[in-house]
Amino acid sequence: MNQNSKGLAVLGVTVVLATGGTIAGRSDCADDHVGYVAGQLAVADLMAAVPGLTGLPMEGDQVAQIDSKDMSLPVWQTLVRRLVHHLARPEVGSVVITHGTDTLEETAYLLHVLLQPNKPVVLTCAMRPVTALMADGPQNLSDAVAMARHPGASGVLVVCAGEVHTGLDVNKVHSYRLDAFDAGDAGALGAMEAGQLRLFRAFPVSAAPSLAGAQRLEKFLSTVALPRVVLLTSHADADGDMVRALLALPAERPLRGIVVAGTGNGSVNQTLEAALVEAQAGGVRVVRTTRCARGTVLPRPGHPLPEISGLSPVKARLALALELLAG
Ligand code: SIN
């Protein structure tokens, strides 16, 4: 990282990597907040809609143009490649990623695990399309760029509705409201107020480059498919049939792992649990997390299924897939 004499990050160029989402969405009707098409506006147009960006050293790079519900391994690989390329450029000080809200937390977590960058990588989004009467995308992009250019910022961050979260902690918690994200018990990292960051706690610490990290990244970029890890939820009146059906999947891409979003402290319906224990005995990695929006799973001595603590079910699924990929 370039530093000035006080050890603060030099601002440099901010690259905007665009992937689609509602922030680039359009509708024919200004009061349409749900029937619009995501991923329509090009990165140059997104940037042009924010007058405050004029005059800043900025570049745009269109990585994809998708609704993030359709995020896939190939798009992630392209995004990670472009990110690695730009972060390695000495003149680049920060990267902003525009992304759909629906799987933003998965991409943020993936980038956090794979890259732990010492330059800031700030994901942002919108809950209303560009054509809405109160489009939130331009303000979010403006805040994300201000966040990215804040001296000393580092790590994977998320900016939405004036709140700053870490990629590790952020979750989408509301299906419609503009402030759709929170960071659970960890709380927000900071707030963007009139273009200024008010920081509540320290930025994520970047991991020192390591051989294991480089190998994990290389494996992620070169694989044609992530190990198959399926997410199941424990609920009232659950049974083990789905687990048995999964075990019968074709051998070309066999089931490697199951994450079960348990009730409360990661408890699992007894019939489902019996099937999961069978799967585990057959070589499938099974881990428990909680379907609760807040809290973690505290270890329970003697439980036949290990817990994975501090991650939401979708992040736990990704964590297990990456662990299995690393081998
Ligand atoms: C998407 O996730 O791409 C669509 C929904 C959104 O961005 O809010």
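This is a predicted model: local features need pLDDT of at least 70, side-chain atom pairs count only at pLDDT 80 or more; totals for chains, interfaces and linings use all residues.
**Notebook: ligand site, fold and selected residues**

I started with the ligand and listed the residues around it: Gly21, Thr22, Tyr36, Asp67, Ser68, Gly100, Thr101, Asp102 and Ala126. Residues are numbered from 1 along each chain as its sequence is written, and side-chain values use heavy atoms, with hydrogens and water left out.

**Entry: ligand shell**

I sorted the shell by residue class. It divides into 2 nonpolar, 5 polar and 2 charged residues. In this scheme Ala, Val, Leu, Ile, Met, Phe, Trp, Tyr, Cys and Pro count as nonpolar, Asp, Glu, Lys and Arg as charged, and the others, Gly among them, as polar.

Next I looked up polar atom pairs at the ligand. The side chain of Ser68 has an N or O atom 2.6 Å from a ligand oxygen. For Thr22, a polar side-chain atom lies 2.9 Å from an oxygen atom of the ligand. Ala126 takes part through its backbone: an N or O atom there lies 3.4 Å from a ligand oxygen. I then checked cover. On its own the ligand has 250 Å² of accessible area, and the protein covers 95% of that. Accessible areas come from the Shrake-Rupley method with a 1.4 Å probe; for residues, only the protein chains shown count as cover.

**Entry: overall fold**

I counted 8 helices and 13 strands in the protein. These are DSSP runs numbered from the N terminus, with helices as H or I of at least four residues and strands as E of at least two. The radius of gyration is 20 Å, close to the 20 Å that the globule rule gives for 327 residues, so the protein is as compact as a globular protein of that length. The radius is taken over C-alpha atoms, and the rule is 2.2 Å times the number of residues to the power 0.38. Along the principal axes, the C-alpha trace spans about 60 × 50 × 40 Å.

Of the 327 residues, 51% are buried. Buried means under 20% relative accessible area, exposed over 50%, and partly exposed in between (1.4 Å probe, protein chains only). Then I checked contact range. Among contacts between residues at least 6 apart in sequence, 71% join residues at least 24 apart. Contact means heavy atoms within 4.5 Å.

**Entry: Val13 and Ser94**

Val13 sits in strand β1. Val13 is buried, with 14% relative accessible area. Beyond residues up to four places away in sequence, Val13 touches Pro57, Met58, Glu59, Glu91, Val92, Gly93, Ser94 and Arg149. I compared Val13 with Arg177: 164 residues apart in sequence, 32 Å apart C-alpha to C-alpha.

Ser94 lies in strand β3, residues 92-98. Ser94 counts as buried, at 0% relative accessibility. I found a side-chain to side-chain polar contact between Ser94 and Thr14 at 2.9 Å. Such a contact is a pair of N or O atoms within 3.5 Å; within protein, one must be able to donate a hydrogen and the other to accept it, and residues adjacent in sequence count only if both atoms are side-chain atoms.

**Entry: Gly25**

I placed Gly25 in the loop between β1 (13-20) and α1 (43-48). Gly25 is buried, at 0% relative accessible area. Leaving aside neighbours within four places in sequence, Gly25 has contacts with Tyr36, Val37, Ala38, Gly39, Gln40, Pro129, Val130 and Thr131. Tyr36 also belongs to the ligand shell. Gly25 and Gly137 are 112 residues apart in sequence, with 9.6 Å between their C-alpha atoms.

**Entry: the β11–α6 loop**

Which residues touch Ser234, leaving aside its neighbours within four places in sequence? I listed Val260, Ala261, Gly262, Thr263, Ser267, Val268, Asn269, Leu272 and Arg291. Ser234 is in the loop between β11 (228-233) and α6 (241-247). Ser234 counts as buried, at 1% relative accessibility.

Asp237 is in the loop between β11 and α6. Asp237 is exposed, with a relative accessible area of 74%. Its phi is positive, about 65°, although Asp237 is not a glycine.

**Entry: Ala194**

I noted a positive phi for Ala194, near 50°, in a residue other than glycine. Ala194 is in the loop between β9 (190-193) and β10 (196-199). Ala194 is exposed, at 84% relative accessible area.

Definitions and conventions:
A residue is near a molecule or strand if one of its heavy atoms lies within 4 Å of it.
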